[in-house]
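Visitor: I have a chain open on my screen and would like to learn how to read it. Please take me through its features one at a time.

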Amino acid sequence: MIKKYTDLIFGFLMIFYFLLINSMSLLRFKYIFLFLGFLCIFYHFIKKYLDDKNKVYKFIKKAFIIALALFFVVEGCMIFYPKKNLKNDCDYIIVLGALVNKNQISKSLQDRLDTCIDYLDKSEDDCYIVVSGGQGRGENVTEASAMKKYLVYKGVSDDLILMEDKSTTTKENFVFSKKLIEQKSGKKIENLDIKIITTDFHTLRSKLISYRAGYKNTSFYTSKSSYYLYALNYTREFFALICNIMFNY
């Protein structure tokens, strides 16, 4: 009986989740849950009219199963990728930027900065911190300047903070930070140990992008996603990761 209504139940759950997070996230990607919810409900009521022997329908079903399997494999890789490395000392820390609401850092960005402070306290590494992020839509200041201001307020020495304030994508975060680090250290990035601070769901894609940018010795110390945005963040990251693999985006 339950199997018969699985698609209907799944559809209502998707719509419920969208309603739950609608006021909590500014990401437009959240609407995919609303779309998938209505699609599942629509499918429930028309599936009895579909012919299982139809070649097009059979192809679509097989493609869906393959895509779903790929989704779960990639999600598993993202979830279980190492995210809390305290064992490796580092030469530089890179804190990846996130949204700044006008002049105020977002919760996601504050979590990353607090994680950076937590790493410094636990590791006792005395290294430079690169805060990386330019100025995007709706931001009155650069993400880098907002991050530096917060870290200094929390007691991090101003002299240890380097600002990379031109990047607007994760790829640019690493490319521009690389130039800054190599100029400061006088060494090639592949010869330096870099600790990357980001949010948990972003780890695997950051590893791939940084490696393509020339970083050979990276490890991570990440903040946790808000539990209610976990599904949203990890689902969105799946598509971002696939696009990056296929198009180096």
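**Reading the chain**

Guide: Helix H3 gives twelve residues to the lining of the second largest pocket, the most of any element. Before going on, note that this is a predicted model, in which local features need pLDDT of at least 70 and side-chain atom pairs count only at pLDDT 80 or more, while totals for chains, interfaces and linings use all residues. Residues are numbered from 1 along each chain as its sequence is written, and side-chain values use heavy atoms, with hydrogens and water left out.

Visitor: How many helices and strands does the chain have?

Guide: Helices (H or I, at least four residues) and strands (E, at least two) are DSSP runs, numbered from the N terminus. The chain has eight helices and seven strands. Its C-alpha atoms fill a box of roughly 70 × 35 × 30 Å along the principal axes.

Visitor: What is a pocket?

Guide: Take a 1 Å grid over the protein atoms alone. A pocket is an open set of points where a 1.4 Å probe fits, with protein on both sides within 12 Å along at least five of seven lines. Lining residues have an atom within 4 Å of a point. Volume is the space filled by probe spheres set on the points, which are joined across faces, edges and corners. Here, the second largest pocket holds about 1,400 Å³. Its lining has 33 residues, and Phe10, Leu36, Cys40, Phe64 and Leu68 are the closest to its centre. Helices H1 (6–21), H2 (31–46), H3 (55–80) and H8 (230–247) each give two or more residues to this lining.

Visitor: What is the make-up of that lining by class?

Guide: It has 26 nonpolar, two polar and five charged residues. Ala, Val, Leu, Ile, Met, Phe, Trp, Tyr, Cys and Pro count as nonpolar, Asp, Glu, Lys and Arg as charged, and the others, Gly among them, as polar.

Visitor: Is cysteine 40 buried or exposed?

Guide: Buried means under 20% relative accessible area, exposed over 50%, and partly exposed in between (1.4 Å probe, protein chains only). Cysteine 40 counts as buried because its relative accessibility is 17%. Across the chain, buried residues make up 42% of the 249 residues.

Visitor: How many disulfides are there?

Guide: A disulfide is a pair of cysteine sulfur atoms within 2.5 Å. The count comes to zero. Take cysteine 243: its nearest cysteine sulfur, that of cysteine 77, is 17 Å away. Cysteine 243 has a relative accessible area of 31%, so it is partly exposed.

Visitor: Which strands pair with strand E4?

Guide: Two strands pair if DSSP finds at least two bridges between them. Strand E1 (residues 92–96) pairs with E4 in the parallel sense over five bridges. Isoleucine 94 stands opposite valine 130 in E4. Strand E5 (residues 161–164) also pairs with E4 in the parallel sense, over four bridges. There, isoleucine 129 stands opposite isoleucine 161. From E4 the chain crosses through helix H5 (residues 143–153) to E5, a right-handed β-α-β crossover. Right-handed means that, with the strands pointing away from the viewer, the path from the first strand over the helix to the second runs clockwise. E4 (residues 128–132) is mostly covered, with four of its five residues buried.

Visitor: What is the phi of lysine 102?

Guide: Most residues other than glycine have a negative phi. Lysine 102 has a positive one, near 60 degrees. It is in the loop between strand E2 (100–101) and strand E3 (104–105). Its relative accessibility is 57%, so lysine 102 counts as exposed.
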